[in-house]
Amino acid sequence: MIYLIAALIFAALTALATWKKNRGLEFIAKPAVMVLLLLYLWTSAGLNGALLWFALGMFFSLIGDVLLLWLDRMFLFGLISFLLAQIAYLVGFNSPPSEVSLWGLAMAVIVALGSARVLRRILSALAEKGNTRMRIPIVVYGLVITLMLLSAMLKLTDPTWGAGASLLVALGAFLFYLSDIVLAWLKFVTPIQNGRVINIGLYHLGQICIAAGVVMQFHG
């Protein structure tokens with residue numbers, strides 16, 4: 001639990017550093033969050049089975065965090081790292097997959113329609129700016145994170161998952177998804193007031209909720 005509390009503290013420090021444009025603090029606090037969450041997962045639940053995939057998701061998120069400290073120069077490499085993180089989370093949430101249900105089908109339609117609308121707006125902005133080389137990476141990443149979000153949401157009605165754990169991972173995946181929308185909007189569509197602070201805040205809260213939910217589910 002101490003690692004989770006420390007991760008929350010460093011997440012707050014990262015948001016503060018982003019707001020104050022304190023690069024020194026950001027370089028320390030931002031990577032520390034995922035390091036602490038990895039330690040929390042390892043010491044609380046271990047790294048067996050599906051847990052290994054969640055650990056890999058956190059590891060690739062850590063690499064992506066470091067790369068995106070240089071957002072303009074390393075964006076594509078950061079995107080690739082986070083793509084690997086999303087794939088790892090996707091496999092983790094589907095080990096084993098949830099059963100197909102009416103809730104699942106309804107949720108799939110809602111998530112797909114929402115994601116398609118957002119993606120269409122981002123791709124339109126890319127076309128307007130002539131940034132066509134990013135179209136395929138953005139589409140692939142958008143598809144994978146949408147599947148990750150859906151997989152996490154389906155845990156809400158999965159009888160093999162506890163109520164608290166499923167609520168945490170569903171909330172965490174949704175916050176992670178929102179953080180990426182904010183980042184893409186900032187990068188490709190239009191500025192948002194305090195957008196980077198909102199982006200990093202949503203992202204870290206999402207990761208913390210996913211970690212807490214996974215530990216709650218697999219602990220002991």
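Mentor: The account below takes the pockets in turn, together with the elements around them. The model is predicted, so local features require pLDDT of at least 70 and side-chain atom pairs pLDDT 80 or more, whereas totals for chains, interfaces and linings use all residues. Residues are numbered from 1 along each chain, and side-chain values use heavy atoms, without hydrogens and water.

The largest pocket has a volume of about 520 Å³ (the space filled by probe spheres set on grid points joined across faces, edges and corners). A pocket is an open set of points on a 1 Å grid where a 1.4 Å probe fits, with protein on both sides within 12 Å along at least five of seven lines; lining residues have an atom within 4 Å of a point. Here 34 residues form the lining, and those nearest the centre of the largest pocket are Y141, G142, I145, D180 and I181. Five helices, α4 (71-93), α5, α6, α7 and α8 (195-218), each supply at least two lining residues (helices are DSSP runs of H or I, at least four residues). The greatest contribution to this lining is that of α6, with nine residues. By class, 24 of the lining residues are nonpolar, six polar and four charged (Ala, Val, Leu, Ile, Met, Phe, Trp, Tyr, Cys and Pro are nonpolar; Asp, Glu, Lys and Arg charged; the others polar).

After α5 comes G130, which has a positive phi, near 70°.

The second largest pocket has a volume of about 260 Å³. Its lining consists of A17, T18, W19, K21, R23, E26, L68, L69, L71, N194, R196 and V197. Helices α1 (2-20), α2 (23-45) and α8 each give at least two of the lining residues, and the largest share, three residues, is that of α1. In the second largest pocket, six lining residues are nonpolar, two polar and four charged.

Why is E26 classed as buried? E26 is buried because its relative accessible area is 7%. Leaving aside residues up to four places away in sequence, E26 touches A17, T18, P31, L69 and R196 (heavy atoms within 4.5 Å). Among these partners, A17, T18, L69 and R196 also belong to the lining of the second largest pocket.

Notes: Buried means under 20% relative accessible area, exposed over 50%, partly exposed in between (1.4 Å probe, protein chains only).
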